[in-house]
Amino acid sequence: MTVRDHLNDRRRGSGRAAGLMAVLTVLFTVVVGFAPTATAAEDYVPITGSGSSWSFNAIDQWRKNVLQYGMRVTYSDTGSTTGRNQFKVSQVDFAVSEIPYGLTDAGVTDYGPPAGSYAYMPIVAGGTSLMYNLKIGGQRVTNLRLSGDLVAKLFTGVITNWSDPAIKAENPGLNLPARKVIPVVRGDGSGSTAQFTNWLASRHTGIWDNYCRKAGRSTPCGFTSNFPVVDPVIPQDKSYGVSNYVRQDQAEGAITYVEYSYAKGAGFPVAKLLNEAGYYVAPTPEAVAVALLKAQIRQDLTQELGQVYVDGDKRTYPLSSYSYMILPTQTNQRFTTEKGKTLGAFSYYFLCEGQQQAGRLGFSPLPINLVQAGLEQVRRIPGAQVNNLDIKKCNNPTFSTDGTNTLAKNAPMPKECDRKGGPGQCEDATGGATTPTKNTGGGAKAGTNTGAGANNAGAGAAQPGAAAPGAAAGPAAEGGPAAEETVDENGNVVNRAGQSASAVPVSVDLPADDNFLLIVVAVVLLLALVVGPPLVARLLNRRGGQV
């Protein structure tokens, strides 16, 4: 081989090495381009809120979900009354409540912040359920039926034993035991109590006023956020407090009013409530959606539920309502436009994508009219990115192309065995719990299909205030009590007992297996880029040296 041939071989070798390096570079760029990366980082500042424990399970899940977008939202379920008061004195950036400012509660008028400094925004709907702990022969009762009159008498001490003939008349298929009734109520100021007592005052005035007189209150009693306590009523703080009390083995005979989400999380049944049409209905997402078609929405977006209580639709659940956020519309020493950007993005998330999880969590998704009204309120938040609030990109399970509430429209009719005076008594489970014939008494199993949104919890989480990148919503254990967890300032999940576990990362583009495979390929190609060219050059040099 001549010197010229040798030099030509060296040039061809160098060309091949350069070509290989170019190919590897292109492949690495493509893989990295498709590799799972977090959504483009947004400059969000942390925000804090407090208030309703009625809606805590939904808010708690949403704030975990938005961690993937860099948003840190801290929420304390202090109760609606405390939340409103903390917002009033600027201790928190937002509050959540079922009670608006300015109402007269037990003769005391609750005034709010200066006019124009805040707004109400619907966040989630649900049914105030009647969770109970009752057994027959060691087997848990799951198909209890109650009329409004019975409920009023159970919580005011008029009926004190589950074997009462009036309860038997409503439940011909159950041989209820001679066990003491233990009514459990909220001991703190709460929206749950306000909703429950508003219904009592509206529909069962005489029974409610007689009870208030025993408690030393003036009548007419009206609604109150603080339930008056007279023996045998037992008070417990927060929604998780009343539900945890009822679920205890030693609390057999207990009944409480609580958001259905807590009963579902505890795996305990809730009573079917008699509606105006004469049917016993459970607080399913569909039944709540039907009921809220009759809600009158005031100009400030607060609710008037009088027509919900007397709705003649067979499918309606009478104790239905929605919760709303109290948000600032002006900046102050605490609330800045930077916080407004976070609050606006968080609000867009839960009004749209977050509603996909409502059914699984024991709530009912907001209908399109409330979402539209909510988005208008988001526009009033100082610093919110209003140009990104597009209803057409709002991934809410109740929407249809013509704007109708599809969840309510498609709600099933109740069975004839759920009709008062109908053929027998339904043995089907209430709220997803197992039936008495199948349960050995160890606690009812929480259902896995509670209505629209039940199976969509992980479907494409939308980037707050932007088009959806196909992100999966943060997972929550099916039927698990979401109220048992919170997240610390480092993003770690911490339960109420103080135990800590690493926060679960959420994929934002591809399934986990695909993510791992692409990462491995990217690493291999990167090593090839770094190590490959020197090895090729060394081989070429060695080859040249052998000539």
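These are my notebook entries on what I looked up in this predicted model.

**Entry: ground rules**

I number residues from 1 along each chain as its sequence is written, and my side-chain values use heavy atoms, with hydrogens and water left out. Since the model is predicted, local features need pLDDT of at least 70 and side-chain atom pairs count only at pLDDT 80 or more, while totals for chains, interfaces and linings use all residues.

**Entry: confidence**

I looked up pLDDT, the predictor's confidence in each residue, from 0 to 100. The chain averages 78, and 70% of the residues score at least 70.

**Entry: the whole chain**

I found 16 helices and 20 strands; these are DSSP runs numbered from the N terminus, helices being H or I with at least four residues and strands E with at least two. Of the 547 residues, 53% count as buried. Buried means under 20% relative accessible area, exposed over 50%, and partly exposed in between, with a 1.4 Å probe and protein chains only. Among contacts with a separation of 6 or more, 75% come from residues 24 or more positions apart.

**Entry: the cores**

Next I looked for nonpolar cores, meaning sets of buried Ala, Val, Leu, Ile, Met, Phe, Trp, Tyr and Cys residues joined through side-chain atoms within 4.5 Å. The largest has 113 residues, and L130 and F196 touch the most other members. Strand β6 gives this core its largest share, 10 residues. Which residues does L130 contact, leaving aside its neighbours within four places in sequence? I noted F196 as one of them, and others including L146, V151, F155, I255 and Y317. A second, separate core has 5 residues, among them A289, V290, A408 and A411.

**Entry: T128**

I stayed with β6, where T128 is also found. Is T128 buried or exposed? T128 is buried, because its relative accessible area is 1%. I looked for polar contacts here (N or O atoms within 3.5 Å; within protein, one must be able to donate a hydrogen and the other to accept it, and residues adjacent in sequence count only if both atoms are side-chain atoms). The T128 side chain makes one with the side chain of W54 at 3.3 Å and one with the side chain of Q195 at 3.1 Å.

**Entry: two helices**

In helix α3 (residues 80–88), I listed S80, T81, G83, R84, Q86 and F87 as buried. They pack against β1, β3, β6, α6 and β17. Just after α3, S90 takes a positive phi of about 60°. In helix α14 (residues 368–378), the buried residues include I368, L370 and V371. Their cover includes β6, β15, β17 and α12.

**Entry: salt bridges**

Side chains of opposite charge can pair when their charged atoms come close. I counted 14 salt bridges, each a side-chain nitrogen of Lys or Arg within 4 Å of a carboxyl oxygen of Asp or Glu. R179 and E252 meet in one at 3.3 Å, N to O. R179 lies in the loop between α5 and β10 and E252 in the loop between α8 and β12, so the pair ties together parts 73 residues apart in sequence. R203 and E276 also meet at 3.3 Å, N to O. Here R203 is in helix α6 and E276 in the loop between β13 and β14, so this pair ties together parts that are 73 residues apart in sequence. I also noted a network linking D60, R63 and K64.

**Entry: E353**

What about a charged residue with no salt bridge? E353, in the loop between α12 and α13, is buried yet has none. The nearest side chain of opposite charge, R360, is 10 Å away; in this count, Lys and Arg are positive, Asp and Glu negative, and His and the chain ends are not counted. The E353 side chain does make a polar contact with the side chain of N395, at 2.8 Å.

Methods:
Contact means heavy atoms within 4.5 Å.
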